[in-house]
Amino acid sequence: MNSHVPCSACGSHDGKKLMYTSQGGILWTPFLNFIKCRSCGVRFHGKTGQLDPQVPKVMRIVTVLIIMSAVGLLFGFVMSLSSLRQKEASSPVAVPASPLPTPARK
Ligand SMILES: [Zn+2]
């Protein structure tokens, strides 16, 4: 099954679809149609045949945004946890739990 164009450098059809690149990561690379030639080791685009294709900037920005939001969520989660813990720890102090017998009746 050769769904991609032949290697731009040597014309070989013996390429393998990349599932991971350092730029695209495992998130985008499967969608990018990057082929690595088994004959000469060159990397090229599976549809256009362009040599040494680059991951679109938008995808890199989105990746950074996803990572940042994930970190932010994690940070917020930890913060809410610690604030909950503070509330639990401070509540016995704030509430005077000393039901003294009221000497109102004589
Ligand atoms: Zn090649």
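What follows is a walk through the fold, from its overall layout to a few individual residues.

Keep in mind that this is a predicted model, where local features need pLDDT of at least 70, side-chain atom pairs count only at pLDDT 80 or more, and totals for chains, interfaces and linings use all residues. Residue numbers start from 1 along each chain, as its sequence is written.

Let's start with the layout. The chain has two helices and three strands, and from the N terminus the order reads β-α-β-β-α. Both kinds of element are DSSP runs numbered from the N terminus: helices are H or I with at least four residues, strands are E with at least two. Of the 106 residues, 8% count as buried. Here a residue is buried if 20 or more other C-beta atoms lie within 10 Å of its own, exposed if 12 or fewer, and partly exposed in between, with C-beta atoms placed from the backbone. As for contacts (two residues whose C-beta atoms, placed from the backbone, lie within 7 Å), residues 24 or more positions apart account for 46% of those with a separation of 6 or more.

The three strands form an open sheet in the order 1-2-3, with antiparallel pairing; strands pair if DSSP finds at least two bridges between them. Strand 1 (15-17) and strand 3 (43-45) sit at the edges with a single partner strand each, so one side of each has no neighbour in the sheet. From one strand to the next, the twist averages 35°, an angle on a scale from 0 to 180 degrees between the N-to-C directions of axes, which are lines fitted to C-alpha atoms, for helices over the stretch in contact. Strands 2 and 3 run antiparallel and are joined by three bridges. In one of the pairings, Ile35 has Phe44 of strand 3 as its bridge partner.

The largest nonpolar core has six residues: Cys7, Leu32, Phe34, Ile35, Cys37 and Phe44. Strand 2 (residues 34-37) gives the largest share of this core, three residues. A nonpolar core means a set of buried Ala, Val, Leu, Ile, Met, Phe, Trp, Tyr and Cys residues joined through C-beta atoms within 7 Å. In soluble globular proteins, nonpolar side chains tend to be buried together. Leaving aside residues up to four places away in sequence, Cys7 touches Ser12, Gly15, Cys37, Ser39, Cys40, Val42 and Phe44.

His4 belongs to the segment before strand 1 and is partly exposed, because 19 other C-beta atoms lie within 10 Å. With residues up to four places away set aside, His4 touches Gly15, Asn33, Ile35, Gly46 and Lys47. Its C-alpha is 8.9 Å from that of Lys17, 13 residues apart in sequence.

Asn33, one of those contacts of His4, lies in the loop between helix 1 (25-32) and strand 2. Its phi is near 60°, a positive value in a residue other than glycine. Most residues other than glycine have a negative phi. Asn33 has 17 C-beta neighbours inside 10 Å, so it counts as partly exposed. Asp52, in the loop between strand 3 and helix 2 (57-94), also has a positive phi, near 50°. With 10 C-beta neighbours inside 10 Å, Asp52 counts as exposed.

Last stop: Ser22, in the loop between strand 1 and helix 1. Ser22 is exposed, because it has 7 C-beta neighbours inside 10 Å. Its C-alpha is separated by 9.6 Å from that of Val55, 33 residues apart along the chain.
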